[in-house]
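This report is meant for a reader who is meeting the structure for the first time. Please keep the sequence and the 3D view at hand while reading.

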Amino acid sequence: MSARFQTPRGTEDVLPEEQPYWRAIHEAAAEVTRLFGYERIDTPTFEDAALFEKGTGDTTDIVEKEMYAFADRGGEALTLVPEATPAICRAYLEHGLASRPQPVRLFTIARMFRYNRPQLGRLRQFHQFDCEVVGTDAALVDAELIELHWRFYERLGLRDLEIRLGSIDDPEARRAYLDRLREYYLPLREKLSEDSRRRLDRNPLRLLDSNDPGDQALREGAPTMIDDLSPAAAEHFEGVKDTLTAAGVPFVVDPLLVRGLDYYNRTVWEIVPKGDGRQQSSVGAGGRYDGLIETIGGKPTPASGFATGLERVIIEMKRQEVSLVEPQVPDAFVVHAGAEGVRAAVGVAANLRTAGIATMLGEAGRSFRAQMRRANGSGARYAVIVGEDEAVRGVAALKDLREEGDQEDVPLGEIATRLGERFR
RNA sequence: GUGGGCGUAGCGUAGUGGUUAACGCGUCAGGUUGUGGCCCUGAAGAUCGAGGGUUCAAAUCCCUCCGUCCACCCCA
């Protein structure tokens, strides 16, 4: 059994019965981006590894231990893309998108790759719907992205989600805050959990969202960033909140919201299902990243964006049992018998399809009964029966497969128009 | 990357040391001359995730690996 090949760890096949979810997602993304005026961009599946080492940050887990980095046959240091943002920024610089009317509003739907331990909602190859606005520092645009993000889920029929909104200020102010945070925690070091002692050295912000009860108690007295933002960041944050309120988008301010990526500044947000205990349940997250483009070699250019994990969205769609469009079924199923019947059946099927009627044909070599069973199982509304008799008489029996199953003979040349009328 | 649970036909399960591994769903074929659904009959389909070990005997016990799920880490 295991001699058989299987999907690599953390990857999955998307079988036909899963496709309705993906179709719904693609349609929702297309619609919501159209409504907000975002244009699609697609970037390569692999990029220069240094793009992420610089852009994402070489101290982030993504770069340190999750990149599918490799040297190609020519020795180039490449990596499968772990996140879209640096790639889109690279494209922005490479193609001079700064010379277009600013800001540029872009989106993509793409595969991402991160080498980590798979879990439900955490795969090594996964998909993201990603929106980025490059070339403005307007608070309005942060709010626009959050609204677009929110409307995407709404359009998919998801409910009971919550927007958690925060601000992590600008780099200088954040450094000052981090110093204060360290000052607060240093005397408490011995009381912290082992993990959090490590966080204290590596990433003090993480102390704030520790799950350890002891750490959570200590957090009570910790300084918060959101209450003490620099004037510019505070004003920006107010702008985001005001705009969201004006747009009628609900949110909760989360003073402890910590985003993992180094490049974020000011606005950060995350959208999570309410009351889901699982850890991997955040369906999407975003933030402002004014420093990123400069980091990867461009002129200082403000930007903001978000990504949503589509496999996680599907998990949530299933959990909430969102209704999907009917699975695709043929309109007609052509059943045949005998050599003449086959010939006529193929002709009829061709005519039907030309007329826009979705038509399946019974496989030759199957019994009549088997074909009828298949016709029924296909979900087709009508069976078109062409046997020896009918072929000779130049007709086909048109049979309604619902309920009783009335049937009538119709001349071969008139089947398409007759069926067309019935579907009208 | 760390710790733990699980792994029997396509799917869902039964079987916990002893004859040819069972059931439901699904698939395929039939159920008299060319008519589906319901029903009936039959068939195919599993080296019991893989490899090794213990034993007269292993789906069942042990080890390793693989996969999956959960927690951690982190994140979409």
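## Domains and conventions

The C-alpha centres of domain 1 and domain 2 lie 51 Å apart. These are the two parts into which chain A is divided, domain 1 covering 16–169 + 225–319 and domain 2 covering 332–419, with bounds that come from an automatic or database domain assignment.

This is a predicted model, in which local features need pLDDT of at least 70 and side-chain atom pairs count only at pLDDT 80 or more, while totals for chains, interfaces and linings use all residues. Residues are numbered from 1 along each chain as its sequence is written, chains are lettered from A and ligands numbered from 1 in the order in which they are written, and side-chain values use heavy atoms, with hydrogens and water left out.

## The eight-stranded sheet

Helices (H or I, at least four residues) and strands (E, at least two) are DSSP runs numbered from the N terminus, and two strands pair if DSSP finds at least two bridges between them. Eight strands make up an open sheet of mixed pairing, in the order β1-β5-β6-β11-β10-β9-β7-β8. Because β1 (39–40) and β8 (252–253) stand at the edges with a single partner strand each, one side of each is left without a neighbour in the sheet.

Helix α1 (residues 19–36) lies across β5 (104–113) and β6 (125–134), and runs at about 5° to β6. Contact here means heavy atoms within 4.5 Å; axes are lines fitted to C-alpha atoms, for helices over the stretch in contact, and angles run from 0 to 180 degrees between N-to-C directions.

## Two backbone details

The peptide bond between Gln-102 and Pro-103 is cis, with omega about -5°, and Pro-103 sits in the loop between α4 (85–94) and β5. In the loop between β7 and α6 (171–185) lies Asp-169, a residue other than glycine whose phi is positive, near 60°.

## The surface near RNA strand B

RNA strand B is surrounded by 55 residues, of which the closest are Arg-199, Arg-206, Arg-373, Leu-401 and Glu-403; a residue is near the strand if one of its heavy atoms lies within 4 Å of it. Of the atoms of RNA strand B that come within 4 Å of the protein, sugar and phosphate account for 55%.

Among the polar contacts (pairs of N or O atoms within 3.5 Å), a polar side-chain atom of Arg-374 lies 2.9 Å from a phosphate oxygen of RNA strand B. Base nitrogens of RNA strand B are approached by a polar side-chain atom of Glu-390 at 2.5 Å, and by a backbone N or O atom of Leu-123 at 3.2 Å. The element that gives the most to the surface near RNA strand B is α13, with six residues.

How values were computed
Polar contact = N/O pair within 3.5 Å; in protein donor to acceptor, adjacent residues only side chain to side chain.
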